[in-house]
Structure formats: structure tokens, C-alpha cells
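Please keep the view open while going through the points.

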Amino acid sequence: MEKSIETIWKTGFIEQENLIIPRLNNLYNQKSIHIIDKFKRMFKYNHYYIYILAVIHLAIGIVLGAYLAGTVMFLLLIALTIISRKNMKLINQINQSDSSYDYLKSFDNYLKGIISKLGNFYQVFYPVYFGFLIVGFLETNSGQVALTKIMDNPDTVVYSGLPVIWLSSAILFLIVVTIFSKPLFRLDLKTVYGRIMKKLDELLADMEELRQ
């Protein structure tokens with residue numbers, strides 16, 4: 001018996017749906033792989049950038065005579081890279097046999113976890129970094145000349161060999177840096193990874209909508 005028009009019509013839609021769903025799954029699988037691979041590349045390049053920055057800090061410290069500041073800032077940046085690389089290795093522990101959605105969701109949770117950990121580290125990193133930036137300036141010839149001029153003023157109040165006004169300003173600055181360390185870290189994060197993090201959120205939102 002020949003199929004009725006209604007049956008052919010309905011069957012056509014079912015077959016079309018069976019074709020569309022695998023294509024959608026494949027599309028989102030490809031997008032998931034692409035976005036995670038892009039994150040990995042950006043992490044890798046960012047580590048290289050920090051290594052180079054650490055060497056530059058050390059070299060500038062040696063050239064300007066700020067040996068202590070240059071060394072501490074070099075070690076601080078290397079520590080940042082080690083912590084970041086250690087946390088990045090957790091990506092390999094995510095179960096890649098899961099669906100693209102589950103894998104992407106696991107990656108998103110991992111990302112939020114490492115951002116939280118690095119945020120705590122940066123709360124120490126920024127004050128120490130800027131503190132030794134100030135120390136480094138004092139170690140240089142220019143810093144010593146500026147300090148001598150201030151000290152030559154007979155009205156200058158001195159504490160532990162440093163002008164009180166200069167010392168209090170430095171302490172106030174470091175307190176402000178400490179308070180705003182996490183917002184500063186989030187701003188730094190948004191500058192480097194903002195666009196790709198937005199794409200990750202959008203992709204997850206699309207996949208969650210399709211799962212409903």
C-alpha cells in the first residue's frame with residue numbers, strides 16, 4: 001500500500017531530524033575541541049611571556065644595580081609560572097570520553113577553580129611585586145640621588161633612615177594594592193582571556209539550551 005501524504009510528510013521530518021541532530025552534535029564537538037585547544041595554546045604562550053618577563057626583570061635589576069629587587073621579582077614570576085603550570089596539568093585529568101558538553105562543563109569548572117586559586121596567590125603577588133619595585137628604585141643611582149635630595153632638607157622627618165612622608169606614601173600605596181589585588185587580577189585576566197572566556201560561556205549556554 002502506498003504511503004499517504006501525511007505519513008510521507010511525518011517520515012520526512014523524522015528523517016530530517018535524525019540527520020540534523022548528529023550534525024549539531026558534531027558541530028558542538030568541533031567547537032568544544034577548538035575552544036579548549038585555544039585555551040591550552042594561550043596558557044602555553046602566557047607562560048613563555050612570563051618567563052621572558054622574569055629574565056627581563058633580572059637583567060634590568062643587574063644593569064641598574066638593583067640586585068635584590070631584580071632577583072626577588074625574577075623568583076616571584078618564576079613561582080607564578082610554576083603554580084600556573086602545575087594547575088594547568090589538571091586539564092589532562094578531565095575525562096575526555098565524556099560527551100562534549102560534560103567535557104566542556106568539566107573544563108569550565110576547572111577554569112573557575114584555577115582562577116580562584118590564582119586570585120589568592122595574586123593577593124600576595126601584587127603587594128610583594130610592587131613593594132620590591134619600590135625597593136629596586138631605591139637601589140638604583142637615580143633613587144639614591146632623589147633620596148639624598150629629600151634627606152638634605154633639614155625639615156625632613158626621618159624614620160629608620162627613610163623620609164617619613166616617602167615611607168608612609170609607599171606603605172599606603174601597598175595597602176591599596178593589597179585591597180584591590182583580586183579586582184586587579186580579574187582585570188588582568190579579562191584583558192588576556194576575556195574574549196575566549198566569553199565564547200566558552202556562550203557555547204555552554206547554547207548547549208544547555210539544546211539539552212532542555
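1. A definition comes first: Ala, Val, Leu, Ile, Met, Phe, Trp, Tyr, Cys and Pro count as nonpolar, Asp, Glu, Lys and Arg count as charged, and the others, Gly among them, count as polar. With these classes in hand, the lining of the largest pocket can be described as 23 nonpolar, three polar and one charged residues. Please bear in mind throughout that this is a predicted model.

2. The largest pocket holds about 560 Å³ of space. It is lined by 27 residues, and those closest to its centre are Asn-46, Ile-50, Leu-80, Tyr-122 and Asp-188. Two or more lining residues are given by each of helix H1 (5-64), helix H2 (67-88), H3 and helix H6 (181-211), and the largest share, 10 residues, is the contribution of H3.

3. Helix H2 also meets H3 directly, for the axes of H2 and H3 come within 9 Å of each other and cross at roughly 175 degrees. Because an angle over 145 degrees counts as roughly antiparallel, H2 and H3 are therefore described as roughly antiparallel to each other. The residues of this contact of H2 with H3 divide into 21 nonpolar, three polar and two charged.

4. How do helix H3 (residues 100-139) and helix H5 (residues 164-179) cross, and at roughly what angle? Their axes come within 8 Å and cross at roughly 155 degrees, which makes H3 roughly antiparallel to H5. The crossing in which H3 passes H5 is right-handed. On the H3 side, the contact involves Gln-123, Tyr-126, Pro-127, Phe-130, Gly-131, Ile-134 and Leu-138, and these meet Trp-166, Ala-170, Phe-173, Leu-174, Val-177 and Thr-178 in H5. Sorted by class, the contact of H3 with H5 has 10 nonpolar and three polar residues, with no charged residues.

5. The packing of H3 with helix H4 (residues 141-152) has an angle of about 80 degrees, and the axes of these two helices are 4 Å apart. Since angles of 65 to 115 degrees count as roughly perpendicular, H3 and H4 are therefore roughly perpendicular to each other. Phe-137, Leu-138 and Glu-139 of H3 make this contact together with Asn-141, Ser-142, Gly-143, Gln-144, Ala-146 and Leu-147 of H4. By class, the residues in the contact of H3 with H4 are four nonpolar, four polar and one charged.

Terms used
Residues are numbered from 1 along each chain as its sequence is written. This is a predicted model: local features need pLDDT of at least 70, side-chain atom pairs count only at pLDDT 80 or more; totals for chains, interfaces and linings use all residues. Side-chain values use heavy atoms; hydrogens and water are left out. Axes are lines fitted to C-alpha atoms, for helices over the stretch in contact, and angles run from 0 to 180 degrees between N-to-C directions. Angles under 35 degrees count as roughly parallel, over 145 as roughly antiparallel, 65 to 115 as roughly perpendicular and the rest as oblique. A crossing is left-handed if the near helix is turned anticlockwise from the far one by less than a right angle, and right-handed if clockwise. Contact means heavy atoms within 4.5 Å. On a 1 Å grid over the protein atoms alone, a cavity is a set of points where a 1.4 Å probe fits but cannot get out, and a pocket is an open set with protein on both sides within 12 Å along at least five of seven lines; lining residues have an atom within 4 Å of a point. Grid points are joined across faces, edges and corners, and a volume is the space filled by probe spheres set on the points.
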